[in-house]
Amino acid sequence: MTQETAADTAAWTGAKAILFDLDGVLTPTASVHERAWQELFDGYLASQPGVSGYRESDYFDHIDGKPRFDGVRDFLASRGITLPEGPLDDDPAHDTVHGLGNRKNAVFNGIVSAGVEPFEGSVRFLQAALDRGLKVAVVSSSRNAPAVLKAAGLSRHFAVVVDGVVAAEQGLPGKPSPATYEYAAKLLDLSSSECVVVEDAVSGVQAGHAGSFHSVIGVDRGAGRLTLLDAGATLVVSDLQELIP
(Lines give C-alpha, C1' and ligand atoms only; values in the text may rest on other atoms or scores of the structure.)
Protein backbone atom coordinates (compact mmCIF):
# COMPACT_ATOMS: atom_id res chain seq x y z
CA MET A 1 0.00 0.00 0.00
CA THR A 2 1.46 3.37 -0.97
CA GLN A 3 1.60 6.28 1.43
CA GLU A 4 -1.04 8.10 -0.64
CA THR A 5 -3.37 5.08 -0.64
CA ALA A 6 -2.89 4.70 3.11
CA ALA A 7 -3.89 8.34 3.62
CA ASP A 8 -6.91 7.94 1.36
CA THR A 9 -8.07 4.85 3.26
CA ALA A 10 -7.58 6.60 6.61
CA ALA A 11 -10.03 9.29 5.58
CA TRP A 12 -12.93 6.90 6.13
CA THR A 13 -11.45 4.28 8.45
CA GLY A 14 -13.36 4.15 11.73
CA ALA A 15 -16.40 5.98 10.39
CA LYS A 16 -19.90 4.54 10.75
CA ALA A 17 -21.57 6.34 7.85
CA ILE A 18 -20.87 8.07 4.55
CA LEU A 19 -22.94 11.15 3.71
CA PHE A 20 -22.86 11.66 -0.05
CA ASP A 21 -23.64 14.77 -2.00
CA LEU A 22 -25.43 13.71 -5.18
CA ASP A 23 -24.76 15.87 -8.23
CA GLY A 24 -21.10 15.56 -9.16
CA VAL A 25 -20.36 12.93 -6.51
CA LEU A 26 -22.64 9.99 -7.27
CA THR A 27 -23.98 11.13 -10.63
CA PRO A 28 -22.67 13.35 -13.43
CA THR A 29 -25.73 15.55 -13.13
CA ALA A 30 -23.61 18.50 -12.01
CA SER A 31 -22.84 19.00 -15.71
CA VAL A 32 -26.58 18.88 -16.42
CA HIS A 33 -27.14 21.56 -13.79
CA GLU A 34 -24.41 23.65 -15.39
CA ARG A 35 -26.11 23.38 -18.79
CA ALA A 36 -29.49 24.24 -17.33
CA TRP A 37 -28.15 27.28 -15.45
CA GLN A 38 -26.34 28.55 -18.53
CA GLU A 39 -29.46 28.17 -20.68
CA LEU A 40 -31.49 30.00 -18.04
CA PHE A 41 -29.16 32.97 -17.62
CA ASP A 42 -28.16 33.24 -21.28
CA GLY A 43 -31.84 33.77 -22.02
CA TYR A 44 -32.53 36.09 -19.12
CA LEU A 45 -29.44 38.29 -19.52
CA ALA A 46 -30.12 38.76 -23.22
CA SER A 47 -32.95 41.06 -22.15
CA GLN A 48 -30.73 43.03 -19.74
CA PRO A 49 -28.71 45.59 -21.72
CA GLY A 50 -25.33 46.56 -20.30
CA VAL A 51 -25.08 43.49 -18.05
CA SER A 52 -22.18 41.10 -18.65
CA GLY A 53 -23.15 37.69 -19.95
CA TYR A 54 -23.03 34.33 -18.20
CA ARG A 55 -19.56 32.77 -17.89
CA GLU A 56 -18.60 29.20 -17.07
CA SER A 57 -16.87 30.39 -13.90
CA ASP A 58 -20.18 31.84 -12.64
CA TYR A 59 -21.42 28.33 -11.87
CA PHE A 60 -18.57 27.60 -9.44
CA ASP A 61 -18.40 31.16 -8.10
CA HIS A 62 -22.08 31.74 -7.33
CA ILE A 63 -24.24 28.64 -7.82
CA ASP A 64 -22.57 25.27 -7.34
CA GLY A 65 -23.83 23.27 -4.34
CA LYS A 66 -26.33 25.87 -3.14
CA PRO A 67 -30.12 25.54 -2.93
CA ARG A 68 -31.60 26.53 -6.28
CA PHE A 69 -33.17 29.83 -5.28
CA ASP A 70 -30.04 30.87 -3.37
CA GLY A 71 -28.13 30.25 -6.61
CA VAL A 72 -30.51 32.55 -8.47
CA ARG A 73 -30.17 35.30 -5.85
CA ASP A 74 -26.39 35.05 -5.61
CA PHE A 75 -25.85 35.06 -9.36
CA LEU A 76 -28.18 38.03 -9.85
CA ALA A 77 -26.41 39.85 -7.01
CA SER A 78 -23.11 39.36 -8.86
CA ARG A 79 -24.64 41.40 -11.68
CA GLY A 80 -26.18 43.99 -9.38
CA ILE A 81 -29.70 42.74 -10.12
CA THR A 82 -32.46 42.40 -7.52
CA LEU A 83 -35.76 40.77 -8.46
CA PRO A 84 -38.97 40.22 -6.49
CA GLU A 85 -39.17 36.78 -4.90
CA GLY A 86 -42.54 35.74 -6.31
CA PRO A 87 -44.47 32.77 -4.87
CA LEU A 88 -42.58 29.50 -4.41
CA ASP A 89 -44.52 27.90 -7.29
CA ASP A 90 -44.24 30.96 -9.52
CA ASP A 91 -44.69 30.52 -13.26
CA PRO A 92 -41.33 29.77 -14.94
CA ALA A 93 -42.15 32.50 -17.46
CA HIS A 94 -42.01 35.17 -14.74
CA ASP A 95 -38.82 37.11 -14.06
CA THR A 96 -38.80 36.59 -10.32
CA VAL A 97 -36.37 34.66 -8.12
CA HIS A 98 -38.74 31.71 -7.89
CA GLY A 99 -39.85 32.03 -11.50
CA LEU A 100 -36.27 31.86 -12.76
CA GLY A 101 -35.49 28.98 -10.41
CA ASN A 102 -38.51 27.05 -11.63
CA ARG A 103 -37.52 27.78 -15.23
CA LYS A 104 -34.10 26.28 -14.60
CA ASN A 105 -35.73 23.25 -12.95
CA ALA A 106 -37.88 22.60 -15.99
CA VAL A 107 -34.80 22.57 -18.22
CA PHE A 108 -32.97 20.23 -15.82
CA ASN A 109 -35.86 17.76 -15.55
CA GLY A 110 -36.20 17.65 -19.32
CA ILE A 111 -32.58 16.52 -19.63
CA VAL A 112 -32.63 14.04 -16.71
CA SER A 113 -35.81 12.32 -17.90
CA ALA A 114 -33.71 10.55 -20.53
CA GLY A 115 -31.85 8.67 -17.76
CA VAL A 116 -28.69 9.09 -15.70
CA GLU A 117 -25.55 6.92 -15.57
CA PRO A 118 -23.86 7.13 -12.15
CA PHE A 119 -20.09 7.44 -11.85
CA GLU A 120 -18.69 3.89 -11.94
CA GLY A 121 -16.02 4.63 -9.34
CA SER A 122 -18.60 6.16 -6.99
CA VAL A 123 -20.83 3.09 -7.27
CA ARG A 124 -17.86 0.87 -6.42
CA PHE A 125 -17.01 3.02 -3.40
CA LEU A 126 -20.65 2.99 -2.30
CA GLN A 127 -20.69 -0.80 -2.50
CA ALA A 128 -17.41 -1.02 -0.58
CA ALA A 129 -18.91 1.15 2.17
CA LEU A 130 -22.02 -1.02 2.33
CA ASP A 131 -19.90 -4.18 2.39
CA ARG A 132 -18.11 -2.76 5.45
CA GLY A 133 -21.45 -2.29 7.16
CA LEU A 134 -21.45 1.49 6.98
CA LYS A 135 -24.69 3.42 6.83
CA VAL A 136 -25.20 5.78 3.90
CA ALA A 137 -27.28 8.85 3.13
CA VAL A 138 -27.60 11.44 0.39
CA VAL A 139 -27.48 15.13 1.30
CA SER A 140 -28.26 17.35 -1.67
CA SER A 141 -29.34 20.95 -2.11
CA SER A 142 -31.36 19.86 -5.13
CA ARG A 143 -35.10 19.36 -4.87
CA ASN A 144 -34.73 16.71 -7.58
CA ALA A 145 -32.57 14.27 -5.62
CA PRO A 146 -35.12 11.42 -5.39
CA ALA A 147 -35.82 11.63 -9.14
CA VAL A 148 -32.10 11.63 -9.98
CA LEU A 149 -31.42 8.67 -7.66
CA LYS A 150 -34.26 6.74 -9.30
CA ALA A 151 -33.02 7.60 -12.81
CA ALA A 152 -29.54 6.40 -11.81
CA GLY A 153 -30.82 3.16 -10.27
CA LEU A 154 -29.47 4.04 -6.82
CA SER A 155 -32.66 4.65 -4.83
CA ARG A 156 -32.61 1.24 -3.13
CA HIS A 157 -29.38 2.06 -1.31
CA PHE A 158 -30.58 5.25 0.37
CA ALA A 159 -33.30 5.13 2.99
CA VAL A 160 -32.20 8.60 4.12
CA VAL A 161 -32.25 11.43 1.58
CA VAL A 162 -32.02 15.01 2.82
CA ASP A 163 -32.73 17.21 -0.19
CA GLY A 164 -33.95 20.73 -0.82
CA VAL A 165 -37.55 19.76 -0.05
CA VAL A 166 -36.64 18.20 3.31
CA ALA A 167 -34.45 21.18 4.17
CA ALA A 168 -37.33 23.57 3.51
CA GLU A 169 -39.77 21.45 5.52
CA GLN A 170 -37.37 21.30 8.48
CA GLY A 171 -36.30 24.93 8.23
CA LEU A 172 -32.67 23.97 7.65
CA PRO A 173 -30.31 26.50 6.04
CA GLY A 174 -28.58 25.26 2.89
CA LYS A 175 -24.89 24.65 2.32
CA PRO A 176 -22.39 26.07 3.28
CA SER A 177 -24.20 25.62 6.61
CA PRO A 178 -23.60 22.10 7.99
CA ALA A 179 -27.26 21.80 9.03
CA THR A 180 -28.44 19.41 6.31
CA TYR A 181 -25.49 17.07 6.89
CA GLU A 182 -26.06 17.20 10.64
CA TYR A 183 -29.72 16.37 10.10
CA ALA A 184 -28.79 13.34 7.97
CA ALA A 185 -26.50 12.09 10.75
CA LYS A 186 -29.37 12.50 13.21
CA LEU A 187 -31.70 10.47 10.96
CA LEU A 188 -29.06 7.72 10.87
CA ASP A 189 -28.97 7.86 14.70
CA LEU A 190 -25.29 8.81 14.64
CA SER A 191 -23.19 11.74 15.78
CA SER A 192 -21.57 13.99 13.20
CA SER A 193 -18.14 12.77 14.31
CA GLU A 194 -19.08 9.26 13.14
CA CYS A 195 -19.92 10.41 9.61
CA VAL A 196 -17.79 11.20 6.56
CA VAL A 197 -18.96 13.96 4.22
CA VAL A 198 -18.24 13.47 0.49
CA GLU A 199 -18.57 16.61 -1.66
CA ASP A 200 -17.49 18.09 -4.99
CA ALA A 201 -18.72 21.66 -4.44
CA VAL A 202 -16.92 24.37 -2.49
CA SER A 203 -20.06 25.24 -0.54
CA GLY A 204 -20.56 21.56 0.34
CA VAL A 205 -16.97 21.12 1.50
CA GLN A 206 -17.37 24.28 3.58
CA ALA A 207 -20.51 22.75 5.08
CA GLY A 208 -18.64 19.60 6.06
CA HIS A 209 -15.72 21.59 7.45
CA ALA A 210 -18.06 23.77 9.52
CA GLY A 211 -19.46 20.71 11.31
CA SER A 212 -17.68 18.25 13.59
CA PHE A 213 -17.58 15.41 11.08
CA HIS A 214 -15.16 12.48 10.95
CA SER A 215 -13.63 13.86 7.73
CA VAL A 216 -14.54 15.70 4.54
CA ILE A 217 -13.57 14.02 1.27
CA GLY A 218 -13.51 16.33 -1.73
CA VAL A 219 -14.07 14.99 -5.23
CA ASP A 220 -12.53 17.24 -7.86
CA ARG A 221 -14.98 17.43 -10.77
CA GLY A 222 -13.85 20.88 -11.82
CA ALA A 223 -13.71 23.08 -8.73
CA GLY A 224 -9.98 22.36 -8.37
CA ARG A 225 -8.01 20.29 -5.85
CA LEU A 226 -6.41 23.25 -4.07
CA THR A 227 -9.71 25.12 -3.99
CA LEU A 228 -11.41 22.20 -2.23
CA LEU A 229 -8.52 21.79 0.20
CA ASP A 230 -8.65 25.51 0.98
CA ALA A 231 -12.40 25.15 1.61
CA GLY A 232 -11.66 22.56 4.30
CA ALA A 233 -11.46 19.14 2.63
CA THR A 234 -9.46 16.53 4.55
CA LEU A 235 -8.23 15.20 1.22
CA VAL A 236 -9.25 15.44 -2.42
CA VAL A 237 -9.55 12.64 -4.98
CA SER A 238 -10.40 12.66 -8.67
CA ASP A 239 -12.52 9.51 -8.34
CA LEU A 240 -13.96 7.81 -5.26
CA GLN A 241 -12.52 4.51 -6.42
CA GLU A 242 -9.17 5.84 -5.18
CA LEU A 243 -10.48 5.36 -1.62
CA ILE A 244 -10.88 1.60 -2.01
CA PRO A 245 -7.80 -0.26 -0.72
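Trainee: How many salt bridges does the count come to?

Mentor: The count comes to 10 salt bridges, and since this is a predicted model, please read that as a computed figure.

Trainee: Why would such side chains pair in the first place?

Mentor: Side chains of opposite charge can pair when their charged atoms come close.

Trainee: OK, which residue does Asp70 meet in a salt bridge?

Mentor: Asp70 pairs with Arg73, with 2.8 Å from N to O, and because the two sit 3 residues apart in helix α4, which covers residues 68-78, about one helical turn separates them.

Trainee: What about Lys66, which side chain does it meet?

Mentor: The side chain of Lys66 meets that of Asp74 in a salt bridge of 2.7 Å, N to O. Lys66 is partly exposed, its relative accessible area being 22%, and Asp74 is partly exposed as well, at 31%.

Trainee: Which residues are linked in a network of salt bridges?

Mentor: Asp21, Lys175 and Glu199 are linked in such a network.

Trainee: Switching topic, how many residues has the largest nonpolar core?

Mentor: The largest nonpolar core has 35 residues, and those with the most contacts inside it include Trp12, Ile18, Phe20, Phe158 and Leu240. As general background, nonpolar side chains tend to be buried together in soluble globular proteins.

Trainee: Take Phe158 then, what does it touch?

Mentor: Leaving aside residues up to four places away in sequence, Phe158 touches Phe20, Leu26, Leu126, Val136, Ala137, Val138 and Leu149.

Trainee: And which residues are in the second, separate core?

Mentor: That second core is made up of 24 residues, and among them are Val160, Tyr183, Leu190 and Ala207.

Technical notes: Residues are numbered from 1 along each chain as its sequence is written. This is a predicted model: local features need pLDDT of at least 70, side-chain atom pairs count only at pLDDT 80 or more; totals for chains, interfaces and linings use all residues. Side-chain values use heavy atoms; hydrogens and water are left out. A salt bridge is a side-chain nitrogen of Lys or Arg within 4 Å of a carboxyl oxygen of Asp or Glu. Buried means under 20% relative accessible area, exposed over 50%, partly exposed in between (1.4 Å probe, protein chains only). Helices (H or I, at least four residues) and strands (E, at least two) are DSSP runs, numbered from the N terminus. A nonpolar core is a set of buried Ala, Val, Leu, Ile, Met, Phe, Trp, Tyr and Cys residues joined through side-chain atoms within 4.5 Å. Contact means heavy atoms within 4.5 Å.
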